[in-house]
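Biologist: I have a structure that I would like to go through with you. Could we take it region by region?

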Amino acid sequence: MENNILPLKITAFGELLLRMHVSDGNRFTQTKELKVYTGGAEANVCILLSQLGMYANYITRLPDNDLSRLALNELHKYNVDTTSCVYGGERLGLYFMESGNQIRPSQVIYDRSNSSFSTIDEDDVDWNSVLEGTDLFHWSGISPGVSDKAGLMCKKAILAAHEKGIVISSDFNFRTKLWQYCKHPSEVMPELLYYSTIAIADLDSAELYFGIKTRVDAPHSDRFLKVYELLKQKMPYLKTLAMSFRNSDGAIQIYYGMLLHEENLYESKKAQLHFITDQIGSGDAFTAGLLYALNSGFSGQMTIDWAIACGALKQSIPGDFAIVTPAEINHFINHNSSNRINR
């Protein structure tokens, strides 16, 4: 398949972070050194979309220091536009990561309190100007989870995008260790998600935000369809819903997705992941693959297969970014994985 995407412009809003990663499989209490990666859900989406040919415009608030420049330079390497970022506040948000394995889970410790992004003011960004020429606005539930101020800014951006007739994409993205500012997600998220045309969700966050419960013993397709049916009552502009799922088959992870688009249900091929390097950012790669495929006019089936291939390939790459090419994505769709050497 040729890369025939139109040069569409996506604008995304979220917190840019540095990941401090414990090296060599050690635990936090064992480590003597940390690897530094740049990340953040919306930045991760922009990175992959820029690689695939879209114009990615990323908005955040940063302190004016060298750590911010370190993080921004990583985005510049992949041609993400950061000229509309604003500066202020005292510190860049951090998170610390300890990799797990098939025996114990990975662990994350956030260090984001009082970050520049969490203290953003509603007047810091002129959304009418920033959104000029934008075809799609993307945000995630991580931003309103960081602070009340970040949530208010998210609301302002969403309303501005809606008033301009811009397609709005949202990732439900609930993080248990955020939401520490005395508001429950169900008080904040439904109002923000109301205007979304495209949503990337999961069963747990749909229940948390909207009280949508599904039978745990029911097939994923039945649960997915029920969530879509009930979300349509809460999100009247919703046209496209996608979810990814993960099961274990012994030592192999089975990774697949579902898509409801134009009232048709599509289920991806089931990817078999025999080895995982880094799961962080796989959901963002799934989202980017979905947005790319939708904006490229792919069929519904190819759209969800493309999204799952992006999410799967990300899990072979260290760091938060999915550094992949269209040729690699198409190869994965057709062959799942490869142990060959390209030479």
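Biologist: To begin, in which strand does Ala56 lie?

Modeller: Ala56 lies in strand 4. Please keep in mind that this is a predicted model.

Biologist: Is Ala56 buried or exposed?

Modeller: Ala56 is buried, and its relative accessible area is 0%.

Biologist: And what does Ala56 touch?

Modeller: Not counting residues up to four places away in sequence, Ala56 touches Ile10, Cys46, Ser50, Val80 and Asp81. For Cys46 there is also a distance: the C-alpha atoms of Ala56 and Cys46 are separated by 5.4 Å, with the two residues 10 apart along the chain.

Biologist: Turning to helix 2, which of its residues are buried?

Modeller: Helix 2 covers residues 66–76, and its buried residues are Ser68, Ala71, Leu72 and Leu75.

Biologist: Why are they said to be on the same side of helix 2?

Modeller: They cover an arc of only 95° around the axis, so they are on the same side of helix 2.

Biologist: What covers the buried residues of helix 2?

Modeller: The cover includes helix 1 (41–51) together with strand 2 (17–22), strand 3 (34–39), strand 4 (55–59), strand 5 (61–62) and strand 6 (86–87). Strand 4 is also where Ala56 lies.

Biologist: Where are Asp24 and Asn79 found?

Modeller: Asp24 is in the loop between strand 2 and strand 3, while Asn79 is in the loop between helix 2 and strand 6. Asp24 is exposed, with a relative accessible area of 65%. Asn79 is exposed as well, with a value of 62%.

Biologist: Where does Gln30 lie?

Modeller: Gln30 lies in the loop between strand 2 and strand 3. Gln30 is partly exposed, at a relative accessible area of 44%.

Biologist: What does Trp306 touch?

Modeller: Leaving out residues up to four places away in sequence, Trp306 touches Leu52, Gly289, Tyr292, Ala293, Phe298, Pro326, Ile329, Asn330 and Ile333. In soluble globular proteins, nonpolar side chains tend to be buried together.

Biologist: In which helix does Asp284 lie, and is Asp284 buried or exposed?

Modeller: Asp284 lies in helix 9, residues 282–295. Its relative accessibility is 8%; the cut-off for buried is under 20%, so Asp284 counts as buried.

Biologist: What is Asp284 in contact with?

Modeller: Setting aside neighbours within four places in sequence, Asp284 is in contact with Ala41, Asn44, Val45, Asp171 and Asn173.

Biologist: What about Gly311: which helix does it lie in?

Modeller: Gly311 lies in helix 10, residues 300–314. Gly311 is buried, with a relative accessible area of 0%. Not counting residues up to four places away in sequence, Gly311 touches Tyr255, Ser282, Ala285 and Phe286. The C-alpha atoms of Gly311 and Ala271, which are 40 residues apart along the chain, are separated by 10.0 Å.

Biologist: Finally, at what angle do helix 6 and helix 7 pack?

Modeller: Helix 6 (residues 185–193) and helix 7 (residues 203–210) pack at about 100°, and their axes are 7 Å apart. The two helices are therefore roughly perpendicular to each other.

Biologist: Which residues meet there?

Modeller: From helix 6, Pro185, Ser186, Met189, Pro190 and Leu193 meet Leu208, Tyr209 and Phe210 of helix 7. By class, this contact of helix 6 with helix 7 has 7 nonpolar residues, 1 polar residue and no charged residues.

Technical notes: Residues are numbered from 1 along each chain as its sequence is written. This is a predicted model: local features need pLDDT of at least 70, side-chain atom pairs count only at pLDDT 80 or more; totals for chains, interfaces and linings use all residues. Side-chain values use heavy atoms; hydrogens and water are left out. Axes are lines fitted to C-alpha atoms, for helices over the stretch in contact, and angles run from 0 to 180 degrees between N-to-C directions. Helices (H or I, at least four residues) and strands (E, at least two) are DSSP runs, numbered from the N terminus. Angles under 35 degrees count as roughly parallel, over 145 as roughly antiparallel, 65 to 115 as roughly perpendicular and the rest as oblique. Contact means heavy atoms within 4.5 Å. Ala, Val, Leu, Ile, Met, Phe, Trp, Tyr, Cys and Pro count as nonpolar, Asp, Glu, Lys and Arg as charged, and the others, Gly among them, as polar. Buried means under 20% relative accessible area, exposed over 50%, partly exposed in between (1.4 Å probe, protein chains only). The arc is that of the directions from the helix axis to the C-beta atoms.
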